[in-house]
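Look through the structure below before reading on.

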Amino acid sequence: MAAILDKEIHAKKLREYYLENYGEKETDIWYEKPAVIVCVFGRDNCIITLISHILTGEVKEKVEKL
């Protein structure tokens with residue numbers, strides 16, 4: 001059985017994905033994290049949700065236009 005990844009690993013994976021795919025932008029609006037494996041931010045009239053897989057750390061994104 002696979003082990004659930006530590007919350008620090010999830011935070012690192014989410015941060016790396018954000019930086020590699022979006023780059024840091026001062027105007028990003030960060031929302032309160034709904035879960036350890038999720039981060040949500042707003043950019044360019046979109047809400048972007050990044051989700052780290054609980055076992056592998058693979059990050060997927062969901063983009064919703066406002």
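**Charged pairs, strands and core**

E24 is exposed, with a relative accessible area of 60%; exposed means over 50%, buried under 20%, and partly exposed in between (1.4 Å probe, protein chains only). This is a predicted model, in which local features need pLDDT of at least 70 and side-chain atom pairs count only at pLDDT 80 or more, while totals for chains, interfaces and linings use all residues. Residues are numbered from 1 along each chain as its sequence is written, and side-chain values use heavy atoms, with hydrogens and water left out.

Side chains of opposite charge can pair when their charged atoms come close. E24 forms a salt bridge (a side-chain nitrogen of Lys or Arg within 4 Å of a carboxyl oxygen of Asp or Glu) with R15, and their closest N and O atoms are 3.3 Å apart. R15 counts as partly exposed, at 38% relative accessibility. The whole structure has 4 salt bridges. Another of them joins E16 to K12, with the closest N and O atoms 3.6 Å apart. These two residues both lie in helix α1, 4 residues apart, or about one turn of the helix. Helices (H or I, at least four residues) and strands (E, at least two) are DSSP runs, numbered from the N terminus. K12 is exposed at 54%, whereas E16 is partly exposed at 33%.

R43 also forms a salt bridge, with D28, at 2.6 Å between the closest N and O atoms. This pair links distant parts of the chain, since R43 is in strand β2 and D28 is in the loop between α1 and β1 (29-30), 15 residues away. Both R43 and D28 are buried.

Next come the strands, which pair if DSSP finds at least two bridges between them. β2 and β3 run antiparallel and are joined by 6 bridges. The hairpin they form has 2 residues between the strands, and D44 in the turn has a positive phi of about 50 degrees. On β4 (residues 59-65), β3 pairs over 7 bridges, again in the antiparallel sense. Because 6 of its 7 residues are buried, β3 is largely enclosed by the rest of the structure.

Which residues make up the largest nonpolar core? A nonpolar core is a set of buried Ala, Val, Leu, Ile, Met, Phe, Trp, Tyr and Cys residues joined through side-chain atoms within 4.5 Å. The largest has 9 residues: L14, Y17, Y18, C39, F41, C46, I48, L50 and V59. α1 (7-21), β2 (38-43) and β3 (46-52) each give two or more residues to this core. Within it, F41 stands opposite I48 in β3.
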